[in-house]
Amino acid sequence: MDHGVDSSIFQNPKKLHLTIGMLVLLSEQEIQQTCEMLQQCKKEFIDDISGGKPLEVEMEGIEYMNDDPGMVDVLYAKVHMKDGSNRLQELVDRVLERFQASGLIVKEWNSVKLHATVMNTLFRKDPNAEGRYNLYTADGKYIFKERESFDGRNILKLFENFYFGTLKLNSIHISQRFTVDSFGNYASCGQIDFS
């Protein structure tokens with residue numbers, strides 16, 4: 001019953017993911033270059049860091065992306081290695097660094113914030129929005145729409161340390177935004193597996 005909370009702002013469970021970085025790939029050639037670079041990362045350091053096996057991680061606790069728990073736009077689950085190591089953080093940071101050095105990702109951060117978004121107010125109007133409102137008039141003109149934040153204080157109080165469970169991460173995908181495959185997951189342009 002908290003202000004702004006309704007079922008439309010929850011992430012589709014099939015689309016839960018960890019984001020390393022956002023790529024803007026404008027051609028098949030750039031997609032191919034990205035896939036090749038990911039393969040290079042696998043050979044050069046991913047296999048060593050992962051040990052050629054899936055990484056067992058835990059999703060535990062929630063946090064929000066802004067300063068005011070009464071006006072939340074994004075609520076996420078925290079993610080960490082089950083064994084307490086920093087192997088996943090090291091792996092994703094090195095992948096990010098490689099893609100930034102190539103110019104495929106604009107350098108905004110030095111480190112990946114490991115998290116899985118579980119609630120996002122951008123989903124309120126368009127469950128496929130993933131980062132912006134896509135509202136248009138009947139004749140195709142874009143409509144700017146302010147986000148409607150939600151009051152996350154009770155959710156944070158009740159679920160601050162919620163244990164979502166463990167999972168085994170076994171791949172990195174180059175996913176296409178605004179697309180889904182036949183299973184309802186993000187469509188993938190390419191991927192590498194740890195094992």
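Student: Why is Q100 counted as buried?

Tutor: In this model, which is a predicted one, Q100 has a relative accessibility of 14%, and because buried means under 20% relative accessible area, Q100 counts as buried. Q100 lies in helix 2, and, leaving aside residues up to four places away in sequence, Q100 touches I105, V106, K107, E108 and W109.

Student: What makes D6 partly exposed?

Tutor: The relative accessible area of D6 is 32%, and since partly exposed covers what lies between the buried limit of 20% and the exposed limit of 50%, D6 is therefore called partly exposed. D6 is found in the segment before helix 1.

Student: How do you know that the side chains of D6 and S8 form a polar contact?

Tutor: The contact joining the side chains of D6 and S8 is 2.4 Å, and a polar contact requires a pair of N or O atoms within 3.5 Å, so the value meets that distance cut-off. D6 can also be placed relative to F150, for the two are 144 residues apart along the chain, while their C-alpha atoms are separated by 9.1 Å.

Student: Why is helix 1 called roughly antiparallel to helix 2?

Tutor: Helix 1, residues 28-50, and helix 2, residues 87-102, pack at an angle of about 150 degrees, with their axes 10 Å apart. Angles over 145 degrees count as roughly antiparallel, which means that helix 1 is roughly antiparallel to helix 2. The crossing of these two helices is right-handed.

Student: Which residues of helix 1 and helix 2 meet, and how do they divide into nonpolar, polar and charged?

Tutor: From helix 1 come T34, M37, L38, C41, E44, F45, I46, I49 and S50, which meet R87, E90, L91, R94, V95, R98, F99 and S102 in helix 2. The residues of this contact divide into 9 nonpolar, 3 polar and 5 charged.

Student: What is the pattern of helices and strands along the protein chain?

Tutor: The protein chain has 3 helices and 6 strands, and read along the sequence they follow the pattern α-β-β-α-β-α-β-β-β.

Student: How many of the residues of the protein chain count as buried, as a percentage?

Tutor: Of its 195 residues, 36% count as buried. As for contacts within the protein chain, among those between residues at least 6 apart in sequence, 70% join residues at least 24 apart.

Key: Residues are numbered from 1 along each chain as its sequence is written. This is a predicted model: local features need pLDDT of at least 70, side-chain atom pairs count only at pLDDT 80 or more; totals for chains, interfaces and linings use all residues. Side-chain values use heavy atoms; hydrogens and water are left out. Axes are lines fitted to C-alpha atoms, for helices over the stretch in contact, and angles run from 0 to 180 degrees between N-to-C directions. Helices (H or I, at least four residues) and strands (E, at least two) are DSSP runs, numbered from the N terminus. Angles under 35 degrees count as roughly parallel, over 145 as roughly antiparallel, 65 to 115 as roughly perpendicular and the rest as oblique. A crossing is left-handed if the near helix is turned anticlockwise from the far one by less than a right angle, and right-handed if clockwise. Contact means heavy atoms within 4.5 Å. Ala, Val, Leu, Ile, Met, Phe, Trp, Tyr, Cys and Pro count as nonpolar, Asp, Glu, Lys and Arg as charged, and the others, Gly among them, as polar. Buried means under 20% relative accessible area, exposed over 50%, partly exposed in between (1.4 Å probe, protein chains only). A polar contact is a pair of N or O atoms within 3.5 Å; within protein, one must be able to donate a hydrogen and the other to accept it, and residues adjacent in sequence count only if both atoms are side-chain atoms.
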